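Open the file in your viewer and keep the selection tool at hand. The tour below goes one selection at a time.

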Amino acid sequence: MPTLAIDFGTSNSAVAILTPEGLRRLPLEAGGDTLPTAVFFPARGGAMKIGEAAGAALIAGEEGRYMRALKSVLGTALFHDSRLIGGRRRTLADVVTAFLSTVKERAETVSGIRFEDALSGRPVHFHTADPDRDARAEADLAACYAAAGFTSVRFMAEPEAAALSSHGLGATGEIGLVVDIGGGTSDFSVYRMEGGRLRILASHGIRLGGTDFDESVSLSHAMPELGHGSSLRREIGPGTLPMPNAVYVDLATWSRIPFVYTPENRREVARMARLATEPEKLDRLSAVLQEELGHELAFAVEHGKIAANGPEGAGIIDMGMIERGLAPAITGTSLDKALESHRAELAKAAAETLHLAGIPPESVGTVILVGGSSLMRLVAEEARRLCPAARIERSQAFTAVVDGLALALAEEPVA
Ligand SMILES: Nc1ncnc2c1ncn2[C@@H]1O[C@H](COP(=O)(O)OP(=O)(O)OP(=O)(O)O)[C@@H](O)[C@H]1O
Ligand SMILES: [Mg+2]
């Protein structure tokens, strides 16, 4: 019975199998080997959409509930809260189950194979600082696989899978560092080549990824246009107070956006608008809550981040969905400033991984970069700084993990 290899990513997911001819990715939607880990529930019931179709429904302004970055919520209490989504009460666990069950069905349709068993990737740590929550996150995900119809699921650390698919034909003794920076986590593995095989010496990871970069970029570049960092007149007496942060942080955080459109938040923002020293900015915030524009704004921030990181070193955050012509600039320099503390955290985690492996940085021959956020310039810069003697190589940014999971199936005893 073949096993389905699944990379359930914060931003993108993919599946693959191992056949006698080698590894084969199974397309889950037309036009690609990966699909966005996103769902859309139409307001009046009707079938859930996933992937690009979910994004298209959002952009078309269809009425309904769009959700992304569901992986970030694994292990938290929010994952088991039930709420009204698409005309029915469900938990986020139900939503992840529905996503995985659609993935399973599509993989079965494309391949003509029935899958009972899954080999799933997992970050080294879903939650960095809390081992209990980390264990709960894996248990939550395992329960979703079971509810989606898999009889068994096993997990493999994502960077270890990426190492399997990405290492070259290193000579014995060659040491490599795999750096996998995705939407939600940054994961690292150190390996050594031994007789043509790869041995993992250590793996490590932190809860930091492209969605956190988006949050920082949003708070520094987009949210100020909605009044973040501005002030309120006191209700009684002279002087001003700083603007409360909470709603801005929620709007800047992919996994929290679906939950900001509450009557309480709308009332609170109306109150803030009455007292604001810059009321026109609060009017924009009200529009975002009224018209549920949070995800569109998050996509605009993500595009701005990618543009400013690119060769032009400049972009805009197109906030035209809120107000015609509103488009704050973002430059390579302002992006760097927004991500400064994240850069330091990444460099520290990479150095810790080498320390755990007992490998001095100058012994690393190759650094392999994978994951969408490894396309951020700061990642290669920090890799070069940490391991100046190493070759920096890029592997398949979006499929290295799923490929490695499928390849790992070759090394398993057949039951
Ligand atoms: N060209 C690019 N430049 C910079 N960042 C990019 C680029 N393309 C995609 N990204 C970012 O990569 C992230 C998604 O990467 P990826 O698909 O590898 O994550 P994931 O595997 O879903 O997440 P995780 O492994 O953390 O669960 C997003 O945050 C996205 O903004
Ligand atoms: Mg990933």
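## Around the ligand

Select T10 and ligand 1: an N or O atom in the side chain of T10 is 2.6 Å from an oxygen atom of the ligand. This model is predicted, not an experimental structure.

A polar backbone atom of S11 is 2.7 Å from an oxygen atom of ligand 1. Then pick E302, where a polar side-chain atom lies 2.6 Å from an oxygen atom of ligand 1. On its own, ligand 1 has 650 Å² of accessible area, and the protein covers 90% of that.

Now select every residue around ligand 1. There are 21 of them, and the closest are T10, S11, N12, K71 and E302. Colour this shell by class: 13 residues are polar, four are nonpolar and four are charged.

Next, show the helices. Both α5 (210–222) and α9 (294–309) supply at least two residues of the shell around ligand 1. The largest share comes from α9, with three residues.

Switch to a surface of the protein and hide the ligand. The largest pocket is the space taken by ligand 1.

Last, colour by domain. Why does ligand 1 lie between domain 1 and domain 2? Domain 1 (3–159 + 401–409) gives residues to the shell around ligand 1, and domain 2 (172–230 + 291–394) does too, so the ligand lies between them.

Definitions and conventions
Residues are numbered from 1 along each chain as its sequence is written. Chains are lettered from A and ligands numbered from 1 in the order in which they are written. This is a predicted model: local features need pLDDT of at least 70, side-chain atom pairs count only at pLDDT 80 or more; totals for chains, interfaces and linings use all residues. Side-chain values use heavy atoms; hydrogens and water are left out. A residue is near a molecule or strand if one of its heavy atoms lies within 4 Å of it. A polar contact is a pair of N or O atoms within 3.5 Å; within protein, one must be able to donate a hydrogen and the other to accept it, and residues adjacent in sequence count only if both atoms are side-chain atoms. Accessible areas come from the Shrake-Rupley method with a 1.4 Å probe; for residues, only the protein chains shown count as cover. On a 1 Å grid over the protein atoms alone, a cavity is a set of points where a 1.4 Å probe fits but cannot get out, and a pocket is an open set with protein on both sides within 12 Å along at least five of seven lines; lining residues have an atom within 4 Å of a point. A molecule sits in a cavity or pocket if more than half of its atoms lie within 2 Å of its grid points. Helices (H or I, at least four residues) and strands (E, at least two) are DSSP runs, numbered from the N terminus. Ala, Val, Leu, Ile, Met, Phe, Trp, Tyr, Cys and Pro count as nonpolar, Asp, Glu, Lys and Arg as charged, and the others, Gly among them, as polar. Domain bounds come from an automatic or database domain assignment.
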